[in-house]
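The plan is to look up a few local details and jot down what turns up.

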Amino acid sequence: MSFLLLRPQGKCAKSALALNNADVSTVACGLIDTQLDHNAIEQLPAKIAGLPKHVSHDIYVIVTSTVAAEQCIKLKDTWPVNIAFFAVGNSSANILQQAGLEVVTPQEARTEGLLALPQLQHVVNKHIIVMKGFGGRELLVDTLSSRGALVDEWEVYKRVKITHPESTQDWQENQIRCIIATSGEVIQAAFEHFEQAWLQTKDWIVVSTRTAEIAKKMGVSHIHISRDASDKAIIQCAQLYLTRARHSTEL
């Protein structure tokens, strides 16, 4: 295989299958996973019950991941009618839409794209709930707060490192030409799990300029940036990488 895909464990098999079906030879390894915070989830019904229910006071709910979206739809019958849902990416949006909820998604499937939406420009005194994992980037909350919004963070899961990661198939280091990483947490976990010198010699595909900067700080020098972390975007970036590599070899 040519690629080693590093993303949260729950998405590894599906993403690896998508890449291999697109003739992008890939093995996936989950170095981190998500763990639901059951105490936080148990508090959600009471939090929802305490929200204003007047249509004149629209409330925005932003889900930042598929895990957050799944918790959101479990309570879909308890949300007041004045809720407007937003999702950072299409995978999260699809979960909400399949449950019958209307959702707004940005064209650029990342925090920066979400913050560029017209609906989130003038939010003074707007009540915005961000359903997310513990920790992570603060750009979304900080920016919305700076725009005058009243922001609540509803953290419903934690990211945990996997003690004994499993890959979707057996592989050797010399089989890997390029490493694909879908988050900064995954990059950091890779440098804690694999040999640093080996990681630094590989080409990398990452999903944003922010994750590219994290990889650079780790000593990676050959970096390609996918437009986002979706399977479709990663496949297109990997195919372009392979095309360029073949062209370089022919020259």
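**Entry 1: T26.** I started with the side chain of T26, and one of its polar atoms sits 2.8 Å from the backbone oxygen of V24. This is a predicted model, so I'm reading that distance as a computed one. Next I checked where T26 belongs, and it is part of strand 2, residues 26-29. Is T26 buried or exposed? Its relative accessible area is 0%, so I noted T26 as buried, the cut-off for that being under 20%.

Entry 2: I then followed strand 2 into its sheet. The sheet is open, has five strands in the order 2-1-9-10-11, and pairs them in parallel. Which strands stand at the edges? I found strand 2 and strand 11 (223-225) there; each has a single partner strand, so one side of each has no neighbour in the sheet. From one strand to the next, I got an average twist of 20 degrees.

I also looked up the pairing at one end of that order. Strand 10 (residues 203-206) and strand 11 run in the parallel sense and share three bridges. For W204, the bridge partner in strand 11 is I223.

**Entry 3: helices on the sheet.** What packs on the sheet and touches strand 1, strand 2 and strand 9? I have helix 1 (residues 9-21) down for that, with strand 1 at 3-6 and strand 9 at 178-181. The direction of helix 1 makes about 170 degrees with that of strand 2. Helix 10 (residues 209-217) packs on the sheet too, where I see it touching strand 10 and strand 11. Its direction makes about 170 degrees with that of strand 11.

**Entry 4: helix 4 and helix 5.** Moving on, I compared the axes of helix 4 (residues 66-74) and helix 5 (residues 90-98). They come within 8 Å and cross at roughly 10 degrees. Angles under 35 degrees count as roughly parallel, so I logged these two helices as roughly parallel to each other. Helix 4 brings T66, A69, E70, C72 and I73 to the contact, and helix 5 brings S91, S92, I95 and L96. Sorted by class, I have five nonpolar, three polar and one charged residues in this contact.

**Entry 5: helix 7.** Which residues of helix 7 (residues 139-146) are buried? I listed L140, V141, T143 and L144. The buried residues of this helix pack against strand 4 (59-63), helix 6 (111-115), strand 7 (127-133) and strand 8 (150-161).

Methods. Residues numbered from 1 in each chain as written. Predicted model: local features only at pLDDT ≥ 70, side-chain atom pairs only at ≥ 80, totals over all residues. Heavy atoms only, no water. Axes fitted to C-alpha atoms, helices over the stretch in contact; angles between N-to-C directions. Helix = DSSP H or I, 4+ residues; strand = E, 2+ residues; numbered from the N terminus. Parallel < 35°, antiparallel > 145°, perpendicular 65-115°, else oblique. Contact = heavy atoms within 4.5 Å. Nonpolar A, V, L, I, M, F, W, Y, C, P; charged D, E, K, R; others polar. Buried < 20%, exposed > 50% of the residue type's maximum accessible area, 1.4 Å probe, protein only. Polar contact = N/O pair within 3.5 Å; in protein donor to acceptor, adjacent residues only side chain to side chain. Pairing = 2+ DSSP bridges.
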